[in-house]
There are 2 protein chains.
Amino acid sequence: MPPKRQRAAVQESFRSMTPSQFFYEYKEVAGFGSPARALYQTVRELVENALDATDVHGILPDITIVIERVNENSNYYRITVEDNGIGIQPQYVPYAFGQVLYSSKYKLRQARGRFGLGAKMAILYGQIRTGRPVEVYTAPIGSRKIYYFKLKIDIEHNRPIVLTKAEYPNPKGWHGTRVSLVIEGDWWHSKHRVYEYIKRTAIAAPYANIVFIDPNGNVVIYKRSISKLPKQPKEVKPHPHGVDIELLKQLISGSQAKTMVEFLAEAFRGVGRKTAEAFLEWAGIAKNLDPHSLDDRQLELLARKLREYQKFRAPSADALSPFGPEIIEAGLRSILKPEFVAAVTRRPRAYEGHPFIVEVGIAYGGEIPPTNEPILLRYANKIPLLYDEKSDVAWKVVDPHNFDWRNYLVTFPAPVAVLTHIASTKVPYKSVGKESVADVPEIEQELRNALREAARRLRGYLLQKRKEEEAKRRIITFMKYTPEIAKSLAVILKDYNVSEHTVREMLLSAMKRRLRIEDDKFAKLVEGLEVDIEE
Amino acid sequence: MPPKRQRAAVQESFRSMTPSQFFYEYKEVAGFGSPARALYQTVRELVENALDATDVHGILPDITIVIERVNENSNYYRITVEDNGIGIQPQYVPYAFGQVLYSSKYKLRQARGRFGLGAKMAILYGQIRTGRPVEVYTAPIGSRKIYYFKLKIDIEHNRPIVLTKAEYPNPKGWHGTRVSLVIEGDWWHSKHRVYEYIKRTAIAAPYANIVFIDPNGNVVIYKRSISKLPKQPKEVKPHPHGVDIELLKQLISGSQAKTMVEFLAEAFRGVGRKTAEAFLEWAGIAKNLDPHSLDDRQLELLARKLREYQKFRAPSADALSPFGPEIIEAGLRSILKPEFVAAVTRRPRAYEGHPFIVEVGIAYGGEIPPTNEPILLRYANKIPLLYDEKSDVAWKVVDPHNFDWRNYLVTFPAPVAVLTHIASTKVPYKSVGKESVADVPEIEQELRNALREAARRLRGYLLQKRKEEEAKRRIITFMKYTPEIAKSLAVILKDYNVSEHTVREMLLSAMKRRLRIEDDKFAKLVEGLEVDIEE
């Protein structure tokens, strides 16, 4: 054990901190910096846990979110989130809620939560201001009992303090988790974000039932609109390009392999005996070497060579679950009511061994108000991100200073919105509060490619629209003279028994051929115009 | 102990993490996301530790920073930073460098470092890629020995692994610390930021000697330009407005006080017996209550009342060390070579019990290029902040969308730069990487007030300039006719023996009175013009 809190002869004293003390001192780095932000962040963390307990495991989510004011005139709020997920085994509950850095989430699989920190931060933040414990009801699938815990976090020692524990019968076979806690909040300054967050979560999970009751008793219900779950992300082995010395050590100490070939084929995603042998030959490492015998220098060499070797199979996307273009288009239509949408889901790629998929949707016109910059809707692993937009890689890509929108016939102010989604086993968030994504070059490039692809389709639409407008202008000009010309021609053609009406039809038809417009579109244009002209 | 790594019947397994494992997994949240950023971040963390070991303790800093490429063709870099600070007692060295969340920095005092995490992140990042240990030489003040350690971090257990330990005689009485480590870096993509960081650090610490040697052998020396150290920040007691239940528990458990009055007077900054008694009366809490007897509900009440009571003395600024307007003005002149500068140091204020001081400098014209937005130079506790500008509260304040620069006669594009400094016992950083400051309302308001104050002076300058330009235009118009008029008048006045020259002087002098310009300024204006006209 290190020396603690002793006062050194020359001024400085040292001490160690537990993880809970650390996050207690620096709660704002996890999004708990003010009552308003904390209220939003608490809802987020609990809802994301609820979704991770359901759709990730093949369950259609039923989620209820309730925010209540504890007393009429206080700023204490009770937040309760209930899901129908896989539940938590009772022996884990105290630690899952009462110990910082204890979680089921440290896995190579796309999930909303990543740090296993959020719910505990909410509990900690609630406890230090309101003094109230968290209450948890949970039942794993098939459990004959419902388990109840009332607990606090012993911040100094990073340990749960269980205040009450109970078991109830579970005759209806309920499974899921219900978490309820009281924090100091600020509904007035957070309600817009909370509403926006829930709406955009519902759009991203149209297969979920979400019920939200706000502190004023308003009820919002997002009913399940599709009952097909997205493909479940699988847990995967690490990719050799994401390896460092520490990970190698962990993998070797967890492995029974006696030779390098065995070890590589067993530990890494997409590496078989053949690939392993080819790699070892290339790297100049003996195939039968016992991986447990490697010293630090050899580990450094192995890790470096694994990162450098170019012939490994690309990271697999099995662990990923993108939205797909249909959900993105439907989402954009429902939020923004635009006249045009296009969505692109790119093929999987990887950075540092982490597979990722980028998706971009563009919406244009309709009810979108013209703005000086594109409206940006960011998602990462299906979570909407609402804060710190300008420091996100997605902003960097759509920013008119960096992306030449004029090439795509968009000049600002313009009614244009962009949705971005990054799905990955590891989203490179810039902060523990998960609000903005770092500008990893591979992700930035994919975002840019996806944006270009979607913007090209927008360009096609705008070109067509421009062409139609141009045609319309010409038709208007022409139509002004049509009656006159038709009349004159009809006089000339009278002997041939051609009526004025027929002549007019002939003229319009000639014009249609000239402008190369499809029949129905032309009819529509002319129809509108006749009304205009008659008026 | 919690159950570890067991597989639950329903799919999910749980495990706990040590703090070093956590930051290993999520190193990008601490600024170690890529080799380029990591190289910059490593320099930052080591330089900030060096400054915290010197000026905070009344020592004029001598700091040497060396970055070397380890092999010709590799991307491994050795970074070495040496200071003449207070050194570290040898018994603390292994933990101070080999255990995450062990530090001397968890104090109520303005310091650059806050998390006690940075150097360890650099060591950890170096070790997992290059496999190299950190090397530390240190000697506390007055030490007869220099201590040497070569160590790594046992990431799984968050413990130091000391590889080598040695002692050397210290005949010259050297004191300070020299840290040297090897990381995977990217000098090409980080050199601009590294140079900018060191330059702006030197500007903020003109009392320091800083020598920097880059990987190409280029040497940059910032010589001490003043030898007066800023006022040393003192360590202070917490302010009652910053209190929560957890802090109260900590303070009570560390106190011998038998009554509430004693406890409050002893534990809090600026609270004496009288204030304590008045507060307790207001809060309806018995004066002689034993603080150790309080239960959770009473603690909640006490904490809440302490936050709400409006008659405590404002938090003291003893713990703070602002730049002062002179250093800011000198700094802006030296970086930007502007034609005008103004700097404002506001009076201390507080948020949640943490005292803070905001400073703002404005520079205008000269060699500043006109840009569409103000150039922003951010500092927090004398550290330059270079990343994530747009998510910083300072950007929010200077952003032309939020601040009406036209009121101050600035219309963009304009050659204007703003320097901001926030000094506090706790800068509310948004992330562990310390790159942007959260928009705490009190800080935002102070920044806005300071900006207004500085901008008003800029307005004064620009008004004067505009007036001079207006005068110049009039003079030009007038001067065109002066010779003609003078000639005509001279003819008329010939009988009175008045020369053409005298008439001209009279005319100019009349104009000068009319325009109300000081003599020397007028002379300058006219001088310039005569040249123009003669040409």
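Buried means under 20% relative accessible area, exposed over 50%, and partly exposed in between (1.4 Å probe, protein chains only). The model is predicted, so that local features need pLDDT of at least 70 and side-chain atom pairs count only at pLDDT 80 or more, while totals for chains, interfaces and linings use all residues. Residues are numbered from 1 along each chain as its sequence is written, and side-chain values use heavy atoms, with hydrogens and water left out.

**Exercise 1.** Find which residues of chain B meet in a salt bridge with N to O at 3.4 Å, and classify their accessibility.

Solution. A salt bridge is a side-chain nitrogen of Lys or Arg within 4 Å of a carboxyl oxygen of Asp or Glu. The side chains that meet in this way are those of Arg178(B) and Glu82(B). Arg178(B) belongs to strand β8 (residues 176-184) and Glu82(B) to strand β3 (residues 76-83), 96 residues apart, where strands are DSSP runs (E, at least two residues). With 31% relative accessible area, Arg178(B) is partly exposed, and Glu82(B), at 28%, is partly exposed as well.

**Exercise 2.** Describe the salt bridge that Glu339(A) forms, and say where its partner lies.

Solution. Glu339(A) pairs with Lys465(A) at 2.8 Å, N to O. Because Glu339(A) lies in the loop between α10 (325-336) and β11 (340-345) of chain A, and Lys465(A) in helix α12 (residues 441-493), the pair ties together parts 126 residues apart in sequence. Glu339(A) has a relative accessibility of 34% and therefore counts as partly exposed, and Lys465(A), at 27%, is partly exposed too.

Technical notes. Chains are lettered from A and ligands numbered from 1 in the order in which they are written. Helices (H or I, at least four residues) and strands (E, at least two) are DSSP runs, numbered from the N terminus.
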